[in-house]
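Keep the view open while you read, and click along point by point.

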Amino acid sequence: QVQLVESGGGLVQAGGSLRLSCAASGSIFSINVMGWFRRTPGRQRELVAGISNGGSTNYADSVKGRFTIYRDNAKNTVYLQMDSLKPEDTAVYYCNADVTATVQTMGIMSKRRSNYWGQGTQVTVSS
């Protein structure tokens with residue numbers, strides 16, 4: 001089993017900064033892409049940013065130049081540095097990871113690739 005635990009959400013004024021963290025733990029063989037999504041009431045979950053294990057990144061247009069995603073592969077942790085926050089950034093932020101885990105089936109060890117989600121952390125930006 002693999003768990004993703006997020007931290008770092010909270011309340012901040014417009015123009016401020018927050019840093020989100022997401023640590024993966026469990027029977028991890030490797031982590032491929034890690035990223036952050038967000039969801040606001042009445043809207044679908046949307047991609048905020050993603051990063052590969054080689055460091056390639058992708059950002060939503062709405063956060064380019066303001067948010068930075070990075071990861072510490074030794075700690076199986078991904079971060080999202082959010083600067084110049086706007087009220088429209090208010091959402092629940094979810095960590096996501098594409099993980100290859102080691103599993104045991106019928107006494108035989110093997111690898112299984114699955115997608116995992118964190119529990120979500122609230123970010124509120126006041127105007």
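1. Start at glycine 118, which sits in the loop between β10 and β11 (121-126); strands here are DSSP runs of E, at least two residues long, helices are runs of H or I, at least four long, and both are numbered from the N terminus. At 10% relative accessibility, glycine 118 counts as buried. Buried means under 20% relative accessible area, exposed means over 50%, and partly exposed is in between, using a 1.4 Å probe and protein chains only.

2. A word on what you are looking at: this is a predicted model, in which local features need pLDDT of at least 70 and side-chain atom pairs count only at pLDDT 80 or more, while totals for chains, interfaces and linings use all residues. Residues are numbered from 1 along each chain as its sequence is written, and side-chain values use heavy atoms, with hydrogens and water left out.

3. Which residues does glycine 118 touch, if you skip residues up to four places away in sequence? They are Leu4, Glu6, Tyr94 and Cys95, where a contact means heavy atoms within 4.5 Å. Take leucine 4: in sequence it is 114 residues from glycine 118, yet the two C-alpha atoms are 4.8 Å apart in space.

4. Now zoom out. The chain has eleven strands and zero helices. Its C-alpha atoms fill a box of roughly 55 × 30 × 20 Å along the principal axes. For 127 residues, a compact globule would have a radius of gyration near 14 Å, and the chain's 15 Å agrees with that; the radius is taken over C-alpha atoms, and the globule rule is 2.2 Å times the number of residues to the power 0.38.

5. Some totals for the chain. Buried residues make up 43% of the 127 residues. Of the contacts between residues at least 6 apart in sequence, 56% join residues at least 24 apart. The accessible surface comes to about 6,800 Å², and 48% of that belongs to carbon and sulfur atoms; areas come from the Shrake-Rupley method with a 1.4 Å probe, and for residues only the protein chains shown count as cover.

6. On to the rings. A search of the whole structure turns up three aromatic pairs. In one of them, tyrosine 70 and tyrosine 79 have ring centres 4.9 Å apart and planes at 20°, so the pair is stacked. The rule is that rings of Phe, Tyr and Trp (its six-membered ring) pair if their centres lie within 6.5 Å, with planes under 30 degrees apart called stacked, over 60 edge-to-face and the rest tilted. Tyrosine 79 is buried at 12%, whereas tyrosine 70 is partly exposed at 31%.

7. How are the rings of tyrosine 94 and tryptophan 117 arranged? Their centres are 6.5 Å apart and their planes at 85°, so this pair is edge-to-face. It links distant parts of the chain, with tyrosine 94 in strand β9 (residues 91-105) and tryptophan 117 in strand β10 (residues 108-117), 23 residues apart. Tyrosine 94 is buried at 13%, and tryptophan 117 is partly exposed at 38%. Ring pairs also bring in Phe37, making a cluster of Phe37, Tyr94 and Trp117.

8. Arginine 45 lies over the face of tryptophan 117, 4.1 Å from the ring centre, and lysine 111 lies over the face of phenylalanine 29 at 4.5 Å. To qualify, NZ of Lys or CZ of Arg must be within 6 Å of the ring centre and within 35 degrees of the ring normal.

9. Salt bridges come next: a side-chain nitrogen of Lys or Arg within 4 Å of a carboxyl oxygen of Asp or Glu. By this rule there are five. One joins aspartate 89 and arginine 66 (2.7 Å, N to O). This pair links distant parts of the chain, aspartate 89 being in the loop between β8 (77-82) and β9, and arginine 66 in the loop between β6 (57-59) and β7 (67-72). Both residues are buried.

10. Another bridge joins arginine 113 and aspartate 98 (2.5 Å, N to O). Arginine 113 is in strand β10 and aspartate 98 in strand β9, so the pair ties together parts 15 residues apart in sequence. Arginine 113 is exposed at 57%, but aspartate 98 is buried at 15%. Elsewhere, shared partners join Arg38, Glu46, Arg66 and Asp89 into one salt-bridge network.
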